[in-house]
Amino acid sequence: MSHNHELTRLLPASSDETKFLNRFRSYLVSSSIVIIIIFLLVIRYMYGDVSGGQTPSFVSWEGGAATARRENDIIRPGSIFSDTRGVPINAHGGGFLFHGGTYYWYGEIKSGPTYLPASNAEWGGSRVDLVGISCYASSDLLNWEHRGNVLPASDDPDDDLYRDNVAERPKVAYNDRTGKFVMWLHVDGADYARARCGVATSDRPEGPFRYVGSFRPNGQMARDLTVFVDDEFDDDGGGKKAYLLVSSEDNASIHASELTDDYTNTTGNYTRIFVGNFTEAPSVFKRRGRYYFIGSGCTAWRPNPARSAVSSSSILVATTTNGGRNAG
């Protein structure tokens, strides 16, 4: 049996049909582009900019609005470092504390206009008004949750923390004896003439901190500072020894002081190191029984080469390794 297959011939479309098809294709293309743009805008609204090593993890609802938790998978030097809200981290001149498996980052909140007081024009000491000290928490040093302003500025002109004053370089240490978290910071006037240390305490690492007051350690000037808690215990074994290092003598020297058992004052036992070397931004760590110091020169906000020193015996004694000077 044979079957006849009839082939259907496609006829060319008329000019009206061609115009209609072309318009329909253009409409589809335009609609697709609009839909894609709307989709991208929705994603950006929910997650923010997901470039720069940050990826959205999940969306939660706070106050009736969608907020996205963002996760960093890498630290990218030179780029904006955002917290889990996608907001740039605001914790300048910061210090870190590791406690209970969590890292805490404390720093100055810098917001508002930057200006140069006439009293600071000679050395370029620009500033912004005081807002307070921020706190962030992380389990991996990559993703930081904002815990708020843990030591807010004051509206009282007589208060150290008045908005026209300076509160910077916050450092927090946990005291085994008292169970308190102790914050040390440089407090000053806008012209940096007071040169004092401020102390605040809290029952929790994320605050709030209660401001105790300010003073000059050992009666000496104090500006840039750091606090170091040794891994060695006091003579009675009741707690770990802690030390305060400050830029003193108009920044010409570093003063290293032993702290009291509660970490809120100095004992009077201190030494002058890097005498005449004009060192700021002190930082100390210990590795394999040796104490290492890193600091900078005094060039206001302009960069300069770091300098370092090492001691094999005590935090109160330093030996030059790079750009520093022996204890004086």
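This report describes the pockets and salt bridges of a predicted model.

Local features are reported at pLDDT of at least 70 and side-chain atom pairs only at pLDDT 80 or more, whereas totals for chains, interfaces and linings use all residues. Residues are numbered from 1 along each chain as its sequence is written, and side-chain values use heavy atoms, with hydrogens and water left out.

**Pockets**

The largest pocket holds about 900 Å³ of space. A pocket is an open set of points on a 1 Å grid over the protein atoms alone where a 1.4 Å probe fits, with protein on both sides within 12 Å along at least five of seven lines; lining residues have an atom within 4 Å of a point. Volume is the space filled by probe spheres set on the points, which are joined across faces, edges and corners. The lining comprises 39 residues, and Trp-123, Tyr-192, Glu-280, Ala-300 and Trp-301 lie nearest the centre of this pocket. Two or more lining residues come from each of β3 (92–99), β7 (166–174), β15 (279–287) and β16 (290–297); strands are DSSP runs (E, at least two residues) numbered from the N terminus. With four residues, β7 gives the most to this lining.

The second largest pocket holds about 590 Å³. Of its 26 lining residues, Phe-96, Val-172, Val-227, Phe-228 and Val-229 are the closest to its centre. Here β3, β7, β11 (225–233) and β15 each supply at least two residues.

In the lining of the largest pocket, 15 residues are nonpolar, 12 polar and 12 charged; in that of the second largest pocket, 15 are nonpolar, five polar and six charged. In this division Ala, Val, Leu, Ile, Met, Phe, Trp, Tyr, Cys and Pro count as nonpolar, Asp, Glu, Lys and Arg as charged, and the others, Gly among them, as polar.

**Salt bridges**

The structure holds 14 salt bridges, each a side-chain nitrogen of Lys or Arg within 4 Å of a carboxyl oxygen of Asp or Glu. Three of them are listed below.

| Pair | N to O distance |
|---|---|
| Arg-85 and Asp-83 | 2.7 Å |
| Glu-145 and Arg-147 | 3.6 Å |
| Asp-224 and Arg-169 | 3.2 Å |

Asp-224, in the loop between β10 (210–215) and β11, and Arg-169, in strand β7, are 55 residues apart, and their pair links distant parts of the chain. Asp-224 is buried at 6% relative accessibility, while Arg-169 is partly exposed at 22%; buried means under 20% relative accessible area, exposed over 50%, and partly exposed in between (1.4 Å probe, protein chains only). Asp-83 is likewise buried, at 1%, and Arg-85 is partly exposed, at 45%. Salt bridges with shared partners join Glu-145, Arg-147 and Glu-206 into one network.
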